[in-house]
Amino acid sequence: MLLSMSKGLTVVRRALVVGAALLALAGGPALAAGNQPPEPQDEFRPVGNSPAPEQIPAAPLLIGAYIVVLGGLFFYVLSLSRRLGAVQQDVQRLEGELKRRGRG
Amino acid sequence: MPKWFTPAAILCGLMFVVSPVLIARAPDESAMGMVYKIYYYHMPSAWMFLLAPLVCGFSSAMFLARDRAKDDRRAFAAAELTVLFGALTLITGPLWARRAWGTWWVWDARLTSSLVGWMIGWAYLILRRYGGPGSDKLAAGVALFGAVNVPFIYISVNYWRTIHPPTTVVPRLPVSMGVPLWFCVFAFLLLFVLLMTMRLRLEAARTRLDALYVALDE
């Protein structure tokens, strides 16, 4: 009984060791690569005569960014103007009502 | 609205019309190419995203100390601008990063602390909206954390390992890139002042409305 338990534990231990080794082989380099980002740029330089290689098309990202900023600002100004207009309208309405009550 | 508001709004509008022309004429960056030009709107948005929580935090501290409604209104207005400019920064940043870094997002100190700052702005607004009585003081406490987070966001790129460019890129920019950048910074700063003025006006009108409702009930 004890012997079979000890054998069982050895098998489990071996399985764990093999599993850990496989995990390290498969995921280790990927994890290590993921944890090491490329070096940051410490300076921006204008492009020279040779244009920079374009792996991912830049134009949609650039246009998207400008649409987001200008669109976002436009809609915020619109929302602010509407809110302000609505509240000012209410203020005028209540001021009128208060005047009427004062007269009454 | 104050007398200066309309001329300032016209000037701001003109600056936003001219800015794409200046940006289009600026050279591409040697390593990133054309996508670098997102920087001209990303960086000013990010600076306003840092300015807004500072205004919110300072006004909240004044409100907690002096209990004046004017400080509270200023804090509330700045919190909304924190969320607005934070959203613009956190959207334009990944659009730039996708091309420049090959990934939309990395969990480094700059990006994570910016996200935290943006969420603090949301927490302030949610507290004010749903917090009930006393939420103005609670939100003011939250705003202090938002302001304390700002220096951390700013210096994070200089002290922690990250692929985000450090703060030193701005003073090193050549004139051809620096002029459009500073033009955009002033355009965004003017816009920030205008939006703060409008938002403060809204808060003042709401306060007046509340007072009128009370007067009508009596």
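I started with a crossing: H3(B) passes H4(B) in a left-handed manner. For handedness I use this rule: left-handed if the near helix is turned anticlockwise from the far one by less than a right angle, right-handed if clockwise. Helices (H or I, at least four residues) and strands (E, at least two) are DSSP runs, numbered from the N terminus.

A note on numbering and source: residues are numbered from 1 along each chain as its sequence is written, while chains are lettered from A and ligands numbered from 1 in the order in which they are written. The model is predicted, so I kept to its limits: local features need pLDDT of at least 70, side-chain atom pairs count only at pLDDT 80 or more, and totals for chains, interfaces and linings use all residues.

**Entry: H3 and H4 of chain B.** I looked up the geometry next. Helix H3 (residues 69-100) of chain B packs on helix H4 (residues 109-130) of chain B at an angle of about 140°, and their axes are 9 Å apart. Axes here are lines fitted to C-alpha atoms, for helices over the stretch in contact, and angles run from 0 to 180 degrees between N-to-C directions. On the H3(B) side I found, among others, Phe76(B), Val83(B), Gly86(B) and Leu90(B), meeting residues of H4(B) that include Trp118(B), Gly121(B), Trp122(B) and Leu125(B). Residues are in contact if their C-beta atoms, placed from the backbone, lie within 7 Å. By class, this contact has nine nonpolar, six polar and two charged residues. My classes: Ala, Val, Leu, Ile, Met, Phe, Trp, Tyr, Cys and Pro are nonpolar, Asp, Glu, Lys and Arg charged, and the others, Gly among them, polar.

**Entry: H3 and H5 of chain B.** How do these two helices lie to each other, H3(B) and H5(B)? Their axes come within 11 Å and cross at roughly 55°, and H3(B) and H5(B) are therefore oblique to each other. The cut-offs are under 35 degrees for roughly parallel, over 145 for roughly antiparallel, 65 to 115 for roughly perpendicular, and oblique for the rest. I noted Asp72(B), Ala75(B), Ala79(B) and Thr82(B) in H3(B) meeting Asp136(B), Ala140(B), Ala143(B) and Gly146(B) in H5(B). That contact divides into four nonpolar, two polar and two charged residues.

**Entry: the core.** The largest nonpolar core has 60 residues, of which Val35(B), Cys56(B) and Ala143(B) touch the most other members. Such a core is a set of buried Ala, Val, Leu, Ile, Met, Phe, Trp, Tyr and Cys residues joined through C-beta atoms within 7 Å. H3(B) gives the largest share, 14 residues. I then checked Val35(B): beyond its neighbours within four places in sequence, Val35(B) contacts Ala58(A), Leu61(A), Leu62(A), Trp96(B), Arg99(B) and Ala100(B).

**Entry: the two chains.** I find 38 residues of chain A in contact with 50 residues of chain B. The chain A side holds 25 nonpolar, five polar and eight charged residues.

**Entry: Phe188(B).** Is Phe188(B) buried or exposed? Phe188(B), in helix H6 of chain B, is buried, with 26 other C-beta atoms within 10 Å. Buried needs 20 or more such atoms, exposed 12 or fewer, and partly exposed lies in between. Phe188(B) and Ser45(B) are 143 residues apart in sequence, yet 7.0 Å apart in space, C-alpha to C-alpha.

Conventions
Contact = placed C-beta atoms within 7 Å.
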